[in-house]
Number of protein chains: 2
Amino acid sequence: MPEAPAEPEFDRDIRLDAAGEGRFALDLAPGWVVGGGVNGGYLLAVVGNALRRTRPQRPDPIVVSAYYLSASLPGRATVTTRVLRDGGSIATMAADLAQDGSARLTALATYGDLAALPSDVRTTAEEPSMPPPEECVPSSMAPPEVLAAAPLLQRFDMRFDPASIGWAVGEPSGNGHLRAWFRLADGRDPDPLSLLMVVDALPPVTFDLGMPGWAPTLELTAHVRAVPAPGWLRVHHATRNLAGGMFEEDCEVWDSAGRLVAQSRQLARQPR
Amino acid sequence: MPEAPAEPEFDRDIRLDAAGEGRFALDLAPGWVVGGGVNGGYLLAVVGNALRRTRPQRPDPIVVSAYYLSASLPGRATVTTRVLRDGGSIATMAADLAQDGSARLTALATYGDLAALPSDVRTTAEEPSMPPPEECVPSSMAPPEVLAAAPLLQRFDMRFDPASIGWAVGEPSGNGHLRAWFRLADGRDPDPLSLLMVVDALPPVTFDLGMPGWAPTLELTAHVRAVPAPGWLRVHHATRNLAGGMFEEDCEVWDSAGRLVAQSRQLARQPR
């Protein structure tokens, strides 16, 4: 008998135990640590999963806004959800993620059924232009000390556009752009929930401005606009307004069919 | 004795009565109606004012995310606020606006002191290029039936860039851009709170795509990045991804000193 295929890492690590009406629990997995805390995109997907469990008839995130209150650590966490309104074809909900009584993240979200939306597309945005994956710079080439400080890199297969990877060799372009091909290392295909993680998976765009160091997210809002096609995603980060110790980071995610499937913007603190 | 100067309309219309710990009440003013409801930017400023009252030592909105749950009407409304975290130099709070027990808007926000932020600016965004106000098309030229359906236009002095006003004469550019000079009609200068209103003051950017009609906001997140200088503001709206019956609308607000003082993005439903 063939072995059952292993559960993908992403699904395993966002799996929740029911803990009462609108209450869920899980262990935040150590594999998603970057620097001193757990990656914000992974947390967003955990919360996104709790919201999906809360209203299974509204399966997909359409827009999610998360405010990060304190750094999350691997280990036990609870997510509590509340339905604020459910009507027409969408539900708006709130969610809070906490550890040991400390609030880590609070979020608002509107969920619906992406597959049921009208099929019209009038996008004027243009796909990021970049060389094919095999001509890009793989994240697996990161130095051992980086891989050790950022276990989450092992979850990903990222291929950076050579034009936006100069920072890795001390030559940032200064343009405020990062572009990479993205897929999960174990080959799990993207879905609306994993897009919530993908929008915060790349290094901070400030790397390309010659500012290494981590950039704590204050707030991140993601719009998920379509169910992504299987295969590679293209992810583009950009910032235009670095001021007052903060910067905005815009992210676009394009699927293998050439559709803009997610847009996000976050406000983050500049690296020290 | 000289007459005391009249209170500006904006300040008068966002004024709140204290109604207990974290509770406020007001009458939503009929002067901010557009189409069938009260303008979402005005509501955002009302909620923003309640949050400022909740934590006076964190006077300015830095980022606010609002989810619109049902159409608001002129008349009595209550705003309830909760402090989720206050530490370092910022506070994160939640707010809910309701009328007659119906939830209208729910929001999350981070407040701080914009004047206390570091003064560094490394913006690569470019100011909207447009003719001077006297060469632009004033909102007062709108047809009487439009002014009647949109009393809020009388609160504003907007001067539209002729290049993005073709829709007013049945010739939308199709580019998905709107640009206008903006000030309050009574001359009240902008401040961080009024910027929350300004980001949702212009007509929907879909007008420029040949889609007249109102576009209900599902979610709007605004970043306020600096205290605006007195005088005219320049406001730029753009959309790039009209799909699945929804579109994103990005807004930039530039002050008279040439600084990018606010950025917002909303997800809205396409006009029917």
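Predicted model: local features only at pLDDT ≥ 70, side-chain atom pairs only at ≥ 80, totals over all residues.
Visitor: Which residue stands opposite Met158(A) in β11(A)?

Guide: Phe182(A) in β11(A) stands opposite Met158(A).

Visitor: Which strand pairs with β11(A) over 6 bridges, and in what sense?

Guide: That partner is strand β13 (residues 233–238) of chain A, and the pairing with β11(A) is antiparallel. Phe182(A) takes part here as well, with Leu233(A) as its bridge partner in β13(A).

Visitor: How should I read the covering of strand β11 (residues 177–184) of chain A, and how many of its residues are buried?

Guide: The general idea is that side chains in a regular strand alternate between the two faces of the sheet. In this case 6 of the 8 residues of β11(A) are buried, buried being under 20% relative accessible area, and the strand is therefore described as mostly covered.

Visitor: How is chain B related to chain A?

Guide: In general, two copies of a chain are related by a rotation about an axis and a shift along it. Here a rotation of 180 degrees, with 0.0 Å of shift along its axis, superposes chain B on chain A with an RMSD of 0.0 Å, which is the relation of a two-fold axis. The same surface serves both copies, since 100% of the contact residues of chain B recur in chain A.

Visitor: What does UniProt place at residues 29–112 of chain A?

Guide: The unreviewed UniProt entry gives the feature "domain: Acyl-CoA thioesterase-like N-terminal HotDog" there. Over residues 29–112 of chain A, the model is 18% helix and 56% strand, with the end C-alpha atoms 28 Å apart.

Definitions and conventions: Residues numbered from 1 in each chain as written. Chains lettered and ligands numbered in written order. Heavy atoms only, no water. Buried < 20%, exposed > 50% of the residue type's maximum accessible area, 1.4 Å probe, protein only. Helix = DSSP H or I, 4+ residues; strand = E, 2+ residues; numbered from the N terminus. Pairing = 2+ DSSP bridges. Least-squares fit on C-alpha atoms with pLDDT ≥ 70 in both. Contact = heavy atoms within 4.5 Å. UniProt positions renumbered as here; feature names shortened; annotations may be inferred.
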